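Here is a short report for a reader meeting this structure for the first time. Keep the sequence and the 3D view at hand while reading.

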Amino acid sequence: MSPAYFLREEGVIMNIAISVKELYVSYFGNEALKNVSFTINEGNLVGIIGPNGAGKSTLLKALLNLISKDKGEVQILGKSIKEMRTKVAYVPQRSNIDWDFPITVIDTVLLGTYPSLGIFKRPKKIDKAWAYECLEKVGIAEFRNRQIGELSGGQQQRVFLARALAQKPEMYFLDEPFVGVDVTSEETIILILKELRDSGKTVVVVHHDLSKVTHYFNELILLNKELIDYGAVEDVIKPEVLGKAYGNQFPSITAIEVSV
Amino acid sequence: MMNFIEGLLQYGFLQKALTTSIMVGIICGVIGCFIILRGMALMGDAISHAVLPGVALSYLLGINFFFGAVFTGILTALGIGFISQNSRIKNDVSIGIMFTAAFASGIILITFMKSSTDLYHILFGNVLAVRPSEMWSTLFIGILVLVCVYVFYKELLVSSFDPTMAAAYGLPTRLIHYFLMTLLTLVTVASLQTVGIILVVAMLITPASTAYLLTNRLWVMLYLSAGIGVLASILGLYFSYTYNLASGATIVLAATALFVLAFVFSPKQGLMWRAIKNFRKREMYSRIKLDRED
């Protein structure tokens, strides 16, 4: 276990990264999230899990104020998301990207420097060098001049992680980053996310595959429209807790591992 | 060809026609890139048609038709957005409903204008009859559009490529959408004289698509698309002048011809190279098979 993690365990006061109070979200009258409240401390790698249609992506989007909420309050580092926008990075689902877009790998990463540049200013040499550094970090600098569609799924996901790194945010939000991703890429990504956590950043990941959650995250949010449970991985990943969210969809964890 | 060049040196109307169509080629090419990358080709067609009632209204009220055109163009864009966001009607259908409605009201309004040749010119353009005032307004719109794209290039790029990220870091994506719709309306109005309302969508999407087949970088695509737009305009004007054909039609067909060239010969995307590559691969594998049989 990492040193930062121990420090936290020993009760060093950590700031609250995200606090959500009584969050309600609906789509045209259909409730997607009901009365969700939790607080996440800084320096955690949190997985959001739950069955299909549980509102996992919706929660992520609501945290970022990308969709309107019916009720509730979301605070990022004690402030409203509007004040903190440039402090958070969002990695979208791969299926939401147009992979034929005329943009190269390095230019995609360079987009990560846009939020801090503001309007009117162009990225300079120093920004480009930083984008390259981020690309090196995820291990695909050699593909920098390729068009993004020419990369494999895992490499594409790494490009978007590099873009998030380029934003130098305090907080990372990733939506299903491991879907359609090869093993090497998955390992690279999770390693970087753990490094980020250990350096005190907060990382929130929407995830649907239960088999590796104990290796990946240290905290879990279990969701099925309502908040079923939130806490350390070991406490949440128990059959009796999971059963409350998944119902009869998955009888036990072993069965989950086989089926996914 | 000599005839065309002599004409250019001799006749003011031809010089004005050339200047105007070059400008239109550039701005349609540039705005067109964003239109096709955002998957809004149909929207481009819709806005260009929706300009008609605005133009007619402006004539009736005796004001510059930019105001009327922008007004009805944006109104239609808002109406399309409102319908698709607030019902189960899909976006393309909502576009179809709104723009035909706008176009139809335009036709009714035009009948109040006395001459029917006006309608014909608005619909199909007549670049050889461009007046100096119209040339200047095209130039003015052109510069405005290019400056806007230059200044907001970064924002246009990120909101076209990844609107969610753009929204996540606080860009007003909806505002950017309507900003682009405004530019699109301006470009349409500027193109009225050259290609007319009906064919302006071709100038928006054909050169941009040609450029799209040739490059993997947005800024290169913008320059290429503008260049192809200009080339199509000059070629089209040449054929129009030399063979006395409708200018809008010749310009559009010139653009189409350039697209077909790129479609067949583009180094990465072209039909020919794809066929050659497929052929080589199959050849290679069939040889491997033969080796094994030996």
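## A residue in the core

This is a predicted model. Start with B:Ile27. Setting aside its neighbours within four places in sequence, B:Ile27 is in contact with B:Gly142, B:Val145, B:Leu146, B:Val187 and B:Ala190.

B:Ile27 also belongs to the largest nonpolar core, which holds 159 residues. Which of these touch the most other members? They are A:Val46, A:Ile48, A:Phe173, B:Ile27 and B:Ile31. Helix α2 of chain B, residues 12-37, supplies the largest share of this core, with 15 residues.

## The two chains

The table sets out the two chains.

Chain A has twelve helices and ten strands. Chain B has 14 helices and zero strands. The C-alpha trace of chain B spans about 85 × 55 × 35 Å along its principal axes.

## A helix of chain B

Take helix α5 of chain B, residues 91-111. At 1.5 Å a residue, its 21 residues should span 30 Å. The end C-alpha atoms of α5(B) are 31 Å apart, which agrees.

Which residues of α5(B) are buried? They are B:Ser94, B:Ile95, B:Met98, B:Phe99, B:Ala102, B:Phe103, B:Gly106 and B:Ile110. These residues cover an arc of only 150° around the axis, so they sit on the same side of α5(B). An α-helix has 3.6 residues a turn, so residues three or four places apart point the same way. The face of α5(B) turned away from the buried side carries the exposed residues B:Ile108 and B:Thr111.

## The six-stranded sheet of chain A

Now turn to chain A. Six of its strands form an open sheet in the order β6-β7-β8-β3-β9-β10, with mixed pairing. Strands β6 and β10 (226-232) of chain A stand at the edges with a single partner strand each, so one side of each has no neighbour in the sheet. On average, neighbouring strands of this sheet are turned by 15° against each other, direction ignored.

Strand β6(A), residues 88-91, is covered on both faces. A:Val88 and A:Tyr90 are buried on one side, and A:Ala89 and A:Val91 are buried on the other. Four bridges join β6(A) to β7(A), residues 171-175, and the two run parallel. Within this pair, A:Tyr90 stands opposite A:Phe173. A:Phe173 is also among the core residues that touch the most other members.

Further along the sheet, strand β3(A), residues 45-49, runs parallel to β9(A), residues 219-224. Four bridges join them. A:Ile49 has A:Leu222 in β9(A) as its bridge partner.

## The four-stranded sheet of chain A

Another open sheet of chain A has four strands in the order β2-β1-β4-β5, and the pairing is antiparallel. Which strands are at the edges? They are β2 (30-41) and β5 (79-80) of chain A, and each pairs on one side only.

Strand β4(A), residues 71-76, pairs with β5(A) over two bridges. The bridge partner of A:Ile76 in β5(A) is A:Lys79. Helix α2 of chain A, residues 56-63, lies across β1 (16-27), β2 and β4 of chain A. This helix runs at about 65° to β2(A).

Conventions
Residues numbered from 1 in each chain as written. Chains lettered and ligands numbered in written order. Predicted model: local features only at pLDDT ≥ 70, side-chain atom pairs only at ≥ 80, totals over all residues. Core = buried A, V, L, I, M, F, W, Y, C linked by C-beta atoms within 7 Å. Buried ≥ 20, exposed ≤ 12 C-beta atoms within 10 Å, placed from the backbone. Contact = placed C-beta atoms within 7 Å. Expected span 1.5 Å × (residues − 1). Arc of directions from axis to C-beta. Pairing = 2+ DSSP bridges. Axes fitted to C-alpha atoms, helices over the stretch in contact; angles between N-to-C directions.
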